Amino acid sequence: MVEWTEFERATIQDIFSKMDYESVGHNALARCLVVYPWTQRYFGNFGNLYNAAAIMGNPLVAAHGTVVLHGLDKAVKNMDNIKATYAELSVLHSEKLHVDPDNFRLLADCLTIVVAARLGSGFTPDVQAAFQKFLAVVISALTKQYH
Amino acid sequence: MSLTTKDMSVVKALWGKISSKVDEIGAEALGRMLVVYPQTKTYFSHWADLSPGSAQVKKHGKTIMGAVSDAVSKIDDLPSALSQLSELHASKLRVDPANFKILAHNIIVVTAMLFPADFTPEVHVSLDKFLQNLAWCLAERYR
């Protein structure tokens, strides 16, 4: 079982309660597709991903970014049971979407960077540690059903 | 994933914008790394104070970013620019190369925090590649 301190719980609730899901989701996913272009392999039907401008302007990327970010809501609301909460999504990503789990880490890094840019000095080392721990737990849960 | 001429000019242009804060970025990135990735503290057991604002952390962060800035100025030939530092890291410091990636991540986070408008995805990918190449050259002499 993951142990969360009061600070970590409060930090995660705080970040997500103030999150602009559309903007952050869009920017995080687009950034991932630009910085780690091999991740584009999962979005063959998204149309134009030829360059950074096309990716940033692509409405399917924007919409999907929001979907992915809202997927994190389950974890935010069930911090003491993230593993079980993501069992189905893990099976989906493994059996149906066939996503290499290393990509979860790449997207998590991009999300961290987008949130850091938004919060500026508010993204203290302790806040960063809490946020990255949260994402690591989510990634572990999403990877759990792979076999 | 070697550096294209575009990557090199993007990184140089970024350095032009951030040069006034390079020391701060180094101090902040190193301090952050020690907090967020506590296993990295094992390399600094000889320091009295490992907290983010400490004098030793600030000084060392500045040293590291000084070397990174130097590498930017010699970006066309990173292997020879880094050969001495590689020798130092291989024979004396013996920092596990996995940690270069960790520090690079924190340099990127801090750069994004301090320069959110300038740190576009295109700049991000070039900086990421540059730091990756730098790490590779730094580990060159390891074995």
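Chain B and chain A bury about 1700 Å² between them, and carbon and sulfur atoms give 66% of that area. This is a predicted model, so take the briefing below as a tour of what the prediction shows.

**Where the chains meet**

- On the chain B side, Met113(B), Pro121(B) and His124(B) lose the most area to chain A, and together they make up 28% of what that side buries.
- The contact involves 21 residues of chain B and 21 residues of chain A.
- If you go looking for salt bridges across this interface, the count is 0.
- Polar contacts do turn up, though: 7 residue pairs between chain B and chain A have one, with both residues at pLDDT 80 or more.
- Three helices of chain B, namely helix 2 (22-36), helix 6 and helix 7, each bring at least two residues to the side that touches chain A.
- Helix 6 gives the most to that side of chain B, with 6 residues.
- Sorted by class, the side of chain B that touches chain A has 13 nonpolar residues, 4 polar ones and 4 charged ones.

**Helix 6 of chain B**

- This helix has 17 residues and runs 25 Å from its first C-alpha to its last, close to the 24 Å expected at 1.5 Å a residue.
- Helix 6 of chain B is mostly covered, as 14 of its 17 residues are buried.

**Salt bridges**

- Counting over all chains, there are 11 salt bridges.
- In chain A, Lys133(A) and Glu8(A) pair up through their side chains, at 3.0 Å from N to O. That pair links distant parts of the chain: Lys133(A) sits in helix 9 (residues 125-143) and Glu8(A) in helix 1 (residues 6-17), 125 residues apart.
- Lys18(A) and Asp14(A) form another salt bridge, at 2.7 Å from N to O. Here Lys18(A) is exposed at 64% relative accessibility, and Asp14(A) is partly exposed at 37%.
- Over in chain B, Lys17(B) has a salt bridge with Asp118(B), and their closest N and O atoms are 3.6 Å apart. This one also links distant parts of its chain, with Lys17(B) in helix 1 (residues 5-18) and Asp118(B) in the loop between helix 6 (98-114) and helix 7 (121-138), 101 residues apart.
- Asp118(B) counts as partly exposed, at 26% relative accessibility.
- Back in chain A, salt bridges that share partners tie Asp102(A), Arg105(A) and Asp109(A) into one network.

**Around Phe134(A)**

- Look for Phe134(A) in helix 9 of chain A.
- Phe134(A) counts as buried because its relative accessibility is 0%.
- Setting aside neighbours within four places in sequence, Phe134(A) is in contact with Trp4(A), Ile12(A), Phe16(A), Leu72(A), Ala75(A), Val76(A), Met79(A) and Ile82(A).
- One of those contacts, Ile82(A), is 52 residues from Phe134(A) in sequence, and their C-alpha atoms are 9.6 Å apart in space.

Conventions: Residues are numbered from 1 along each chain as its sequence is written. Chains are lettered from A and ligands numbered from 1 in the order in which they are written. This is a predicted model: local features need pLDDT of at least 70, side-chain atom pairs count only at pLDDT 80 or more; totals for chains, interfaces and linings use all residues. Side-chain values use heavy atoms; hydrogens and water are left out. A salt bridge is a side-chain nitrogen of Lys or Arg within 4 Å of a carboxyl oxygen of Asp or Glu. Helices (H or I, at least four residues) and strands (E, at least two) are DSSP runs, numbered from the N terminus. Buried means under 20% relative accessible area, exposed over 50%, partly exposed in between (1.4 Å probe, protein chains only). The expected span of a helix is 1.5 Å times one less than its number of residues. Contact means heavy atoms within 4.5 Å. Buried area is the accessible area (1.4 Å probe) that two parts lose on being put together, summed over both. A polar contact is a pair of N or O atoms within 3.5 Å; within protein, one must be able to donate a hydrogen and the other to accept it, and residues adjacent in sequence count only if both atoms are side-chain atoms. Ala, Val, Leu, Ile, Met, Phe, Trp, Tyr, Cys and Pro count as nonpolar, Asp, Glu, Lys and Arg as charged, and the others, Gly among them, as polar.
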